[in-house]
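Colleague: I have the model open and would like to go through a few places in it. Could you start with the terms you use?

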Amino acid sequence: MPTPSLASLPIRRLTPRDLSACADLSEDRGWPREEHKWGFLLTAGRGHGIDDPDGGLVAACVVTEYGPKERPDLAAVGMVLVADRHARQGVGRRLMRHVVSTMGATPLTLYATPYGRPLYEELGFKVTGRVEMVRGRFSPAGPASRVATRAATAEDLTSIVRLDEEVFGADRTPVITRLPAFADRLCVAEDNGRIIGYAAAWPNMDTHVVGPLIARDTETAKALISTLAAHTDRPLRTDIDVRHEELLAWVKEHGLASVAFNAVMTYGSTQLPGDWTRRFAPLTVAAG
């Protein structure tokens, strides 16, 4: 039997049943398996993939939609991966064209590495921002923050969802309500009983990733990071919008170091919705 050409292999919907195959694909490309993150994304978002006739996946990606189900306000594209043996054969381009076509008029966003950026630019994505990934063991120092923080409770979810929509610019209820199960810790910042920020720390290999990080101001963001760091013995990792220069300088003073820069790109929109001044870090670069 002749081997089917890559161009003839169908693109199908991925489900949580494809978790192992997605993790295998990550490993094939030299990434960590990240099964915890894949499981979250395949449940909260919509996976697209191409099966390899020889087993496993040729390629995969996940699209996470925000806003009304019938007409999303925004969709985030992430985890775009092509198996090493099929790299540089146009598979990633075909998969992304499929995503763009499937989403129609819905604006898209993604975080692009320097390696992936040329493909996305070819497809019409524009650079609208930049984030800096930082990682390291947080070292507390200096006076205690005056911002009050505490662990989030079930009763806080409604207020967290409301604040998140206001800052993010689209309703992320299906994702945010999954945070208590996905994250090891979810905390809020308060001012006179009103929630003014929230953040989560979720496990990723040997680190805890801080995200989302939504805060009224930089001092609130610092307090939330300090609270999360105080409850883990793992290194922290997060992706901070480079416009938040004060916060980036502060985390570096407290032990985190720059790892990489990624471009924030959009398609069908000149900028992301919401209020960037209160949006410090994404939940994950794969989902915005």
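Modeller: Helices (H or I, at least four residues) and strands (E, at least two) are DSSP runs, numbered from the N terminus. This is a predicted model, where local features need pLDDT of at least 70, side-chain atom pairs count only at pLDDT 80 or more, and totals for chains, interfaces and linings use all residues. Residues are numbered from 1 along each chain as its sequence is written, and side-chain values use heavy atoms, with hydrogens and water left out.

Colleague: What does the face turned away from the buried side carry?

Modeller: That face of α9 carries the exposed residues Glu245 and Glu253, while the cover over the buried residues of α9 includes β6, β10 (207-215), α8 (218-229), β11 (236-241) and β13 (279-281).

Colleague: Which residues does Trp250 touch, leaving out those up to four places away in sequence?

Modeller: Trp250, in helix α9 (residues 245-253), touches Phe138, Lys222, Ile225 and Ser226 on that count, with contact meaning heavy atoms within 4.5 Å. Trp250 is counted as buried because its relative accessible area is 11%.

Colleague: Switching to Val134, where is that residue found?

Modeller: Val134 is found in strand β6 (residues 126-136) and counts as buried because its relative accessibility is 0%. Beyond its neighbours within four places in sequence, Val134 is in contact with residues including Leu248 and Val251, both of which are among the buried residues of α9.

Colleague: Why is Asp156 counted as buried?

Modeller: Asp156 counts as buried because its relative accessibility is 8%. Asp156 is found in the loop between β7 (148-151) and α5 (157-168), and, leaving aside neighbours within four places in sequence, Asp156 is in contact with Arg150, Ala151, Val188 and Ile195.

Conventions. Buried < 20%, exposed > 50% of the residue type's maximum accessible area, 1.4 Å probe, protein only.
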